[in-house]
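Subject: Structure for your review

Dear colleague,

Please find the structure below, handed over for your own work. My notes on what was found in it follow.

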There are 2 protein chains.
Amino acid sequence: MKNQRETLVFFLLFVLLKMVMCIKIYNHSRYGDRLAELSPSYCLSWRLAVETDNIQGWRTVPIQCLHDIEVYMLGGQYASDVSLIVDHISNYVDEIVVSNDGFDAWVLDVDDTCLSNIFYYQGKRFGGDPYDPQAFKEWASRGVSRAIPQMFQLFHKLLQRGFKVFLITGRDETTFEQPTLHNLHFQGFFGFERLILRSEAYKGQSGIVYKSEMRRKLVEEGYRIWGNVGDQWSDLHGQFVGNRTFKLPNPMYFVP
Amino acid sequence: MKNQRETLVFFLLFVLLKMVMCIKIYNHSRYGDRLAELSPSYCLSWRLAVETDNIQGWRTVPIQCLHDIEVYMLGGQYASDVSLIVDHISNYVDEIVVSNDGFDAWVLDVDDTCLSNIFYYQGKRFGGDPYDPQAFKEWASRGVSRAIPQMFQLFHKLLQRGFKVFLITGRDETTFEQPTLHNLHFQGFFGFERLILRSEAYKGQSGIVYKSEMRRKLVEEGYRIWGNVGDQWSDLHGQFVGNRTFKLPNPMYFVP
């Protein structure tokens, strides 16, 4: 009887201990969720400030945000963000009455707008490493960037609706014209009106100045720029920006 | 002996059951966290698209995002976002060489830039309900909006650095001049150069047109607008926007 009582006491103590542990784990998980929901995140603030052009001229992603940006780019949120923006662009496209004169135009940027460099930046800690012109040159020369699916669909919708599509890129003309054309074609971007690259005359100029100048020429040719899509504010600021501009997300690098 | 063995078997079964339950709860919590980290959120995408001006002319927050916006506004992320932006504004202010001629100026918006309407919008489901001019008029007439602390500090820093601060608001002059002045003073906003409200002449005009016109007058008076802070893109677009513009977050309402 004594042994039996001892076993019972031991058993009851153990049950009590286990219950306390379970409650602790359960509460921790609930508390953790609540914390995750409520705890303000520096990296979310940093990304918002970058995307709204409040922070300019940054060279690398803050070290404490490397993981956040990786999760953002690969975990689905980036894709969700692009999808929602392209849905809204598409609605806007539907509203436009396209004329028959062939002068209704759209301007699209290339890098991280039509073609994704995410696999390149994966090797650069998603923007944690500073810009490496030589490595990027090698990457871009290979012409293996993938189409951003939502933008690929938009591109073809624009063509179907009768717009002339101009791709304006800051890439250097001498070095990148052939691999960029090859890359675009290989990814199914056919039928654009012109691929405009940075000629010698605009070397060293900021994106805003160079791209404004390229758009000015289009407007002088008689084109009406209905929309302008880019992942950098320098694609969308300056002159002749177009009737509507659309900013795709890019927390990995900044182009002035 | 038989009783003792039965107790022991019962005890072991119970321990096993408890361990399985604990592992399940623990895994669920880990899986939940992982999911929360990876699952793309429509409401995050919507908020980013609004803050980057990709979505324009929206009237209410999507119904499925009401909880997200409430958590965003009250849970600390909004405050964190404002803090990070104001830190960057402050760094920019430090770089400016202020002249002695008294013509170095900053332009600040009032609603949800200097003064917070969060308690008003709490009663409007944080933007879930459409704009209610009568209710807002009653709220604004009471003059009980609180200062946004980070902007309050920036305001006084600007004065200390020798800038002339112009507050330009879309609020109607006839109705709101006195309560707005009272509210600003009560919240410690003293020493601004001018509070500019919307006079009869600009009634019904868009924020972009009206505010561009107000800034044009300042520039014609000789002021150099170094910076311009607002929670709406209509505060920051148009003409004479200033040397740098800064967009504070506001996912609760849109002003054209």
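A definition is needed first: helices, as named in this message, are DSSP runs of H or I with at least four residues, numbered from the N terminus. Please note also that this is a predicted model.

Just after α6(A) comes A:Gly143, whose phi is positive, at about 65 degrees. Within the helix, which spans residues 133-142, the buried residues are A:Ala135, A:Phe136, A:Trp139 and A:Ala140. These residues lie on the same side of α6(A), because the arc they cover around the axis is only 130 degrees. In general, an α-helix has 3.6 residues a turn, so residues three or four places apart point the same way. The cover over the buried residues of α6(A) includes β2 (115-116), α5 (118-122), β4 and α8 (173-186) of chain A.

Chain A as a whole

The secondary structure of chain A amounts to 10 helices and 7 strands. Of its 256 residues, 50% are buried. Among the contacts in chain A with a separation of 6 or more, 71% are between residues 24 or more positions apart.

As for confidence, the average pLDDT of chain A is 90, and 84% of the residues score at least 70. Residues 22-38 of chain A call for caution: pLDDT stays under 50 over that stretch. The model has 13 contacts beyond four places in sequence for these residues.

The sheet of chain A

Chain A contains an open sheet of 5 strands, in the order β5-β4-β1-β6-β7, with parallel pairing. At its edges stand β5 (194-198) and β7 (244-247) of chain A; each has a single partner strand, so one side of each is left without a neighbour in the sheet. From one strand to the next, the twist averages 20 degrees.

Within this sheet, strand β1 (residues 104-108) and strand β4 (residues 164-172) of chain A run parallel and are joined by 4 bridges. A:Val107 has A:Phe166 of β4(A) opposite. Helix α4 of chain A, residues 77-95, packs on the sheet and touches β1, β6 (224-230) and β7 of chain A. The direction of α4 makes about 165 degrees with that of β7(A).

One residue of this helix was examined individually: A:Ser90 lies in α4 of chain A. Is A:Ser90 buried or exposed? Its relative accessible area is 17%, and the cut-off for a buried residue is under 20%, so A:Ser90 counts as buried. Beyond its neighbours within four places in sequence, A:Ser90 is in contact with A:Leu154 and A:Lys157. A:Ser90 and A:Gln153 are 63 residues apart in sequence, with a C-alpha to C-alpha distance of 9.6 Å.

Chain B

In chain B, 5 strands form an open sheet in the order β5-β4-β1-β6-β7, and the pairing is parallel. Its edge strands, β5 (194-198) and β7 (244-247) of chain B, each pair on one side only. On average, and with direction ignored, neighbouring strands of this sheet are turned by 20 degrees against each other. Strands β1 (residues 104-108) and β4 (residues 164-172) of chain B run parallel and are joined by 4 bridges. B:Leu108 has B:Leu167 as its bridge partner in β4(B).

Helix α7 of chain B (residues 149-160) has 12 residues. From its first C-alpha to its last it reaches 17 Å, close to the 16 Å expected at 1.5 Å a residue. Which residues of α7(B) are buried? They are B:Gln150, B:Met151, B:Leu154, B:Phe155 and B:Leu158. Because the arc they cover around the axis is only 140 degrees, they are on the same side of α7(B). B:Pro149, B:Gln153 and B:Gln160 are exposed on the other side of the helix. The buried residues of α7(B) pack against α4 (77-95), β1, β4 and β6 (224-230) of chain B. After α7(B) comes B:Gly162, which has a positive phi near 100 degrees.

Finally, B:Asn117 is placed in the loop between β2 (115-116) and α5 (118-122) of chain B. B:Asn117 counts as buried, at 0% relative accessibility. Apart from neighbours within four places in sequence, its contacts are B:Asp111, B:Asp112, B:Phe136, B:Trp139, B:Ser145, B:Arg171 and B:Tyr253.

Yours sincerely

Technical notes
Residues numbered from 1 in each chain as written. Chains lettered and ligands numbered in written order. Predicted model: local features only at pLDDT ≥ 70, side-chain atom pairs only at ≥ 80, totals over all residues. Heavy atoms only, no water. Pairing = 2+ DSSP bridges. Helix = DSSP H or I, 4+ residues; strand = E, 2+ residues; numbered from the N terminus. Axes fitted to C-alpha atoms, helices over the stretch in contact; angles between N-to-C directions. Contact = heavy atoms within 4.5 Å. pLDDT = per-residue confidence, 0-100. Expected span 1.5 Å × (residues − 1). Buried < 20%, exposed > 50% of the residue type's maximum accessible area, 1.4 Å probe, protein only. Arc of directions from axis to C-beta.
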